[in-house]
Amino acid sequence: MKAIVKPTPKLSGELQALSSKNYTTRYLLVAALAEGTSTVYYPAHSEDSDAIRRCIQDLGAVLEEDDEKIVIQGFGRHPKPVKELNVGNAGAVLRFLMSIAAFCPEVTFVNQYPDSLGKRPHDDLITALEQMNVKVGHQEGRLPITIHGGQPKGGKITVSGSISSQYLSSLLFMTPLLEEDSEITVTGDLKSKVVVGQTLEVLAQAGIRIEASDDLMHFVVPGRQQYAAREYIVQGDYPGSAAILAAAAVTESDIRVHRLLEESKQGERAVVDVLKAMDVPLTHADSIVHVQGNGKLKAGEFDGDEFTDGVLAMVAAAVFAEGTSRFYNVENLRYKECDRITDYLNELRKAGAQVEERQSEIIVHGRPEGVEGGVEINAHFDHRVIMALTVVGLRSKQGLTIQDAHHVAKSYPQYFDHLQALGAQVELIEE
Ligand SMILES: O=C(O)C1=C[C@@H](OP(=O)(O)O)[C@@H](O)[C@H](O)C1
Ligand SMILES: C=C(OP(=O)(O)O)C(=O)O
C-alpha cells in the first residue's frame, strides 16, 4: 500500500487511543504461562499482537475471542513441543518466546522478515540462555534461531542490557518457572529501562515474586513459582498516540486523544512533557490529552531513551520547531525495525528536513517555514518511520508519498483512518 500524504493545515476531533502493544504482548504471555483461565480485556489488534496470539496458540494455549476480550487457557510451564514458531516482525515476541521455547525439546524461529527482524541482533539473549543449559543454533546471533531446550537451569545469570531491554524482560518472564532460584545481573548499560518497569508491573499482577534492585540491574527470582490466572485490562498506547499528538502539534489543531493514563508506566508517556517543553499548547487530565496546536514549536534537548518508541514522532515535530533540537542516548534505535537513526534521517532529508546524526544522537535544525516534500519515502519496513514521515508530510509544501505504508499495521493498523477522521488529507492506494 502507498500513502499519499497531502499538506493539511488543520486537524480536529476526538479519538480513542489504540490499545497498548507492550501490555498486550505481556498480558497474553503471562496468561499463557498460567495454568488456569485468564481474560485480557481490550487487547491490541495488530500484526505484532497477532504474532503473540498465534505463537501462544501454537504452544498450546486455548484462546476464545470476542469484540472486547480474549479468554486464555494457559499451558503453564508445559508448552506443546512445537517445532517451529513464526513471530512475524515482532522483536519483543521473538525475544520473550526464545526463553519460553527452552521448555520445549527443539523450536526453530523462522526468518519471515530478512530485511527487518532478520537483521536484528539477539546475541546477548543467546549468551544468557547458554548459561542456563540451553543450546542455541543461530546465524551470527540472528534468525533463523533454533532453541534446543528441555532442561533449562536457573542459578547465576548475567545478561547485557546495552542493546535491548527485551533480553532481560525475557529472562524475567521465564526464570520464575525454573526448578532452581535465579539471580540475574545486568551487565553494561540497561537501555529502555522504563520498559522493564512494565514487565515487573505485569509479573506482580500475575502473582510472581521478584526482588529487584532500585537501579534494575540485579534481580533475585525464586524458582518453582506459578503464574496466577487473572483478568487484565489493556490501557491505551502512548507510542502510537505519540504520532497523532505530533501531527496535532505541527498543525492548527483541536484534538483530544482518550485512554491515555496520566500515571501510566509506559515510558512514552513522556511525549506529553516533551511536547509541552516544545511549547505546544496542551492539557492532560482524566486520561485525555487535549492538543490545541498553533503549529509553533520551540526546540529542546531530550533523553530519548526514556521514550524510545516515541522518539521518531518527536523528531518529526522538532523538524518544524524554532531552533536546534537534540535527542541523545538513542543509539539502540539503530537495532529496531530498521536503523532508526541513519535510515530515518535519510528519509527526513529527502523530505527537506535539516538533520544530523551522531552514533547515539539525532540533531534537528528546525524549519518553522516548513519543508518542501514532493518525494517518495522508503518505509524501511518500519511502522514508526511511516507514522513519523506522515507527520512531516502533513506540514510539507508538496506532500509526501510513502511506499509500503501497509507496514504501519505492525502496531497501528488504524493509523491512517484515525488521521483521516481528524481531517488529514491522506490517500491510500492498494498495490
Ligand atoms: O519490552 C518491550 O515490549 C519493548 C521494549 C523496547 O525495546 P528495546 O528494549 O529493544 O529498546 C521497545 O522499543 C519495544 O517496542 C517494546
Ligand atoms: C521496536 C519496536 O518493536 P519490537 O522491538 O517489539 O519489534 C516498536 O514497536 O517500535
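Let's say two residues are in contact if their C-beta atoms, placed from the backbone, lie within 7 Å. By that rule, 19 residues of domain 1 are in contact with 22 residues of domain 2. On the domain 1 side, the residues that touch domain 2 split into eight nonpolar, five polar and six charged. Here Ala, Val, Leu, Ile, Met, Phe, Trp, Tyr, Cys and Pro count as nonpolar, Asp, Glu, Lys and Arg as charged, and the others, Gly among them, as polar.

Keep in mind that this is a predicted model, where local features need pLDDT of at least 70, side-chain atom pairs count only at pLDDT 80 or more, and totals for chains, interfaces and linings use all residues. Residues are numbered from 1 along each chain as its sequence is written, while chains are lettered from A and ligands numbered from 1 in the order in which they are written.

So much for the ground rules; now the layout. Domain 1 takes in 2-18 + 236-429, and domain 2 covers 21-223, with bounds that come from an automatic or database domain assignment. Taken over C-alpha atoms, the centres of the two domains are 29 Å apart.

Now for the ligands. Ligand 1 has 13 residues around it, and the closest are Asn 22, Ala 92, Ser 164, Ser 165 and Ser 192; a residue makes the list if its C-beta atom, placed from the backbone, lies within 6 Å of the molecule. Helices (H or I, at least four residues) and strands (E, at least two) are DSSP runs, numbered from the N terminus. By type, the shell around ligand 1 holds two nonpolar, nine polar and two charged residues. Both domains give residues to this shell, so ligand 1 lies between them.

Around ligand 2 you'll find Lys 21, Ala 90, Gly 91, Ala 92, Asp 309, Lys 336, Glu 337, Arg 384 and Ser 411. That shell divides into two nonpolar, two polar and five charged residues, and at least three residues come from each of domain 1 and domain 2.

Finally, have a look at a sheet. Strands of a sheet pair through backbone hydrogen bonds, either parallel or antiparallel. This one is open, with four strands in the order β4-β5-β3-β14 and mixed pairing; two strands pair if DSSP finds at least two bridges between them. Its edges are β4 (62-65) and β14 (231-233), each pairing on one side only. Strand β3 (residues 37-41) runs parallel to β14, and three bridges join them. Thr 39, for example, has Glu 231 in β14 as its bridge partner.
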